[in-house]
Amino acid sequence: MFLDDFYALAGGRLCIAAEQASQFAKRMAGDYNPIHDPDARRFCVPGDLLFALVLAQHGLSQCMTFHFRGMVGADVPLTIRDCEDGLLSVVDDAGKEYLCVERSGETTRDPDVIEAFTRRYIAFSGRNFPHYLQPLMKTHGVMFNPQRPLVIYDSMGFVLDSLDVSSLDVEFAGSSFEINGKRGEARLEFRMLAGGESVGSGSKKLVVSGLQPYDADVMDAFVEDFNRRKRDSVSV
C-alpha cells in the first residue's frame, strides 16, 4: 500500500513515528509546516495522514465529514473504531478521540480509486500555507504569531456525485475568514473534477490562533523561510 512507509502496526493498532509523519507531510502533501518536524516542541501527526489511513482501511464514501478533535503525538497507538451508528472514530488506548468521521452514500474499497483520490486531495490540502492562507490573512489585516505559528486542522467534508474518480483533479474554489478576538477560522472551498467535469465539492476549516495585526515585512520573511525549508528539504 502506498501509505506503508508512514505508519506501523503494533498489536493491531496504528503507530506513527515522528519521522514517518514528517516524511508524509513533506513527500506526500508538500507540507513544510514546522509543527510536523520530528524535533518540534509541539510536534503533531498531520491530519491528512489520519484522513488517508481512514480511507485506506474503511473505504471512500460519497459523503464524508472529518472532525479533528485533538493533536496526535508521535508513537501513540491508535485504533479506528467502526461505531454502531455508522461513525468512524480514531482513538488511543485510553479512549481519547482524535478524529470522528461521518459518512453516507455509496462506498468503494477499490484501492486504486482510493489512492488516486487521497493523493489528489492531500496535494491540494498541503498547499494551505502560503498559497491560500497568507493572502487570506493579508486581506483581513491579521496574521498568526510568527514565533509560534499555530494553524489547526479543524474539519473537512466533501460530497461526490460519483465514485468514478480515478482521474480526479482537486481545485481551489474560494475562501473566507472569520475573526473572533485572537482566533480566526479560515474556510477553504474546493471542487473536484474528473475529465474536466464537476464530480463534487468540499470545504475544509482551519483554526488560526494568536492573531495579531498583519506586518508585511515579517510575513514576507516568514514565507521566505518557509520556502527555503522546502527547497532545502527537496535538495537533500
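The model is a predicted one, in which local features need pLDDT of at least 70 and side-chain atom pairs count only at pLDDT 80 or more, while totals for chains, interfaces and linings use all residues. Residues are numbered from 1 along each chain as its sequence is written, and side-chain values use heavy atoms, with hydrogens and water left out.

The ring of Phe-124 has its centre 5.3 Å from that of Phe-190, and the planes stand at 50 degrees, so this pair is tilted. Rings of Phe, Tyr and Trp (for Trp, the six-membered ring) pair if their centres lie within 6.5 Å; planes under 30 degrees apart count as stacked, over 60 as edge-to-face and the rest as tilted. Because Phe-124 lies in helix α3 and Phe-190 in strand β10 (residues 183–194), the pair ties together parts that are 66 residues apart in sequence. Phe-190 is buried, as is Phe-124.

The structure holds 14 aromatic pairs. Another of them joins Tyr-121 and Phe-124, whose ring centres are 6.2 Å apart with planes at 50 degrees, so this pair is tilted. Both residues belong to helix α3 (residues 111–125), and being three residues apart there, they are separated by about one helical turn. Tyr-121 is buried, with a relative accessible area of 2%.

For 236 residues, a compact globule would have a radius of gyration near 18 Å, and the chain agrees with its 18 Å. This radius is taken over C-alpha atoms, and the globule rule is 2.2 Å times the number of residues to the power 0.38. The C-alpha atoms fill a box of roughly 50 × 40 × 40 Å along the principal axes. Of the 236 residues, 48% count as buried. Among contacts (heavy atoms within 4.5 Å) in the chain with a separation of 6 or more, residues 24 or more positions apart account for 68%.

Technical notes. Helices (H or I, at least four residues) and strands (E, at least two) are DSSP runs, numbered from the N terminus. Buried means under 20% relative accessible area, exposed over 50%, partly exposed in between (1.4 Å probe, protein chains only).
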